[in-house]
Amino acid sequence: MIINTLKDTSGKCAEVGRMFNVSDTYVHEIFMSYVEVKRAPLPEVLCIDEVFLDISYSEKYACVLLDFKTNEIVDILPNRWKTTLDKYFYSIPLEEKKC
């Protein structure tokens, strides 16, 4: 029911959490467990920024990858740790990373 509600609303975890009497963190965990969001192709110019989300005690900041020219989100990573970024960028085929 939470996933279906997220589809039909603006997608705010806090609002959906209030509807089902659960925390916004729980709504986020349900979403991440059942929904696989594919990464968009790498753009010509990639912006990397951090956003304070305070999802967990150890992961306070998410890493947002953005297409500089269109302002479209390419992907959102759960943290900004070097190991996470290394794993993410190493998983992208070399052909896609070439300009």
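Tutor: This is a predicted model, in which local features need pLDDT of at least 70, side-chain atom pairs count only at pLDDT 80 or more, and totals for chains, interfaces and linings use all residues. Residues are numbered from 1 along each chain as its sequence is written, and side-chain values use heavy atoms, without hydrogens and water.

Student: What is the mean pLDDT of the chain?

Tutor: Where pLDDT is low, predicted coordinates should not be read in detail. The mean pLDDT (the predictor's confidence in each residue, from 0 to 100) is 85 here, and 92% of residues reach 70 or more.

Student: At what angle do helices α2 and α3 pack?

Tutor: Two packed helices are described by the angle between their axes and the distance between the axes. Helix α2 (residues 13-20) meets helix α3 (residues 24-34) at about 105°, with axes 8 Å apart. This makes α2 roughly perpendicular to α3 (65 to 115 degrees). In contact (heavy atoms within 4.5 Å) are C13, A14, V16 and G17 of α2 with D24, V27 and H28 of α3.

Student: Which residues make up the largest nonpolar core?

Tutor: In soluble globular proteins, nonpolar side chains tend to be buried together. A core joins buried nonpolar residues (under 20% relative accessible area, 1.4 Å probe) through side-chain atoms within 4.5 Å. The largest core has 6 residues: C63, L65, V74, L77, Y88 and I92. Strands β2 (61-67) and β3 (73-77) each give two or more residues to this core. A second, separate core of 5 residues includes I2, L6, V16 and I30.

Note on methods: Axes fitted to C-alpha atoms, helices over the stretch in contact; angles between N-to-C directions. Helix = DSSP H or I, 4+ residues; strand = E, 2+ residues; numbered from the N terminus. Parallel < 35°, antiparallel > 145°, perpendicular 65-115°, else oblique. Buried < 20%, exposed > 50% of the residue type's maximum accessible area, 1.4 Å probe, protein only.
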